[in-house]
Amino acid sequence: KQWYLRRVRGLQCGVVHKDFLLLFSGRPKLFDVSESHVELTETSSTEKRSDALNQFFRELRDGDNVPILKGWRNETYSVFKGHFRSEILFDLERAACPIIGCKSYGVHMNGYVRQNGEIRMWVGKRSPTKSRYPGLYDNMVAGGISSGYGVWETLCKEGEEEASIPGDVMSRAVPVGMLSYTLANQYGTSPEVEFVYDLEVPADFVPKNADGEVAGFELMSLSDLKELLVTEKFKPNCAGVVMDFMIRHGYITPDDTPHYVEILQLLRAEHPF
């Protein structure tokens, strides 16, 4: 088997690749590992489940044998029993989420201007010191939704930290939908949902990073962006957010895009659970 279910209270809440299985099988008091699943034995409360899991991953981090945990954030994501904002099963350190393949949520925003009848988009370039996807292009604003935060609250926080967007400008942001996908790579599995916003900024607005996570911003035409999207210079999920914008604004159409249907399906793909 390639994948093992990750269960809490009998509910599937993630997927664990076989390469990570030994991490859990060595802790029989904490995890019940079989041919079909990895199950957390601590089920008494959200707080105790959270404490048990985070302590387990802190020990793995300190052992320095799991590369993805080198990007430890001291920030947790809530893992829900069902839909977003439903009952919380546990709150887990963000860096550990791909190891157990639990669903996470984020919010991304396209920032754009209209110049001489043409749409141009602000894109950020990630800091070269970022633990994941360093130096790649990114949306003007993007961030994961941490435990206890809402979507709009997260967007405003990230907008201020990443691009120094004033409140009166941010208030014009419009929710335009969501993307869903699953990333699977050497770091683990990441089923993700991204809530998407568009913001038309004033012509004289220039984003400025305030938290050190963005190396700089560039204002690009959609034609230049379209060329950039087929390279490996764009963070994968952020490229999807830009493609969604282009589709909604008629820049990518069924007549000029051979795999138009497949692209739409991939931007809102079903998760493995």
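User: Before we start, what do the numbers rest on?
Analyst: The model is predicted, so local features need pLDDT of at least 70 and side-chain atom pairs count only at pLDDT 80 or more, while totals for chains, interfaces and linings use all residues. Residues are numbered from 1 along each chain as its sequence is written, and side-chain values use heavy atoms, with hydrogens and water left out.

User: Is C238 buried or exposed?
Analyst: C238 is buried, at 1% relative accessible area. Buried means under 20%, exposed over 50%, and partly exposed in between, using a 1.4 Å probe and protein chains only.

User: New topic: which residues have the most contacts inside the largest nonpolar core?
Analyst: F24, F57, L69, F90 and L92, in a core of 31 residues. A nonpolar core is a set of buried Ala, Val, Leu, Ile, Met, Phe, Trp, Tyr and Cys residues joined through side-chain atoms within 4.5 Å.

User: What does F90 touch?
Analyst: Leaving aside neighbours within four places in sequence, F90 is in contact (heavy atoms within 4.5 Å) with residues including V8, L53, Y77 and I100.

User: What's in the second core?
Analyst: That separate core has 25 residues, among them F80, W122, V169 and F195.
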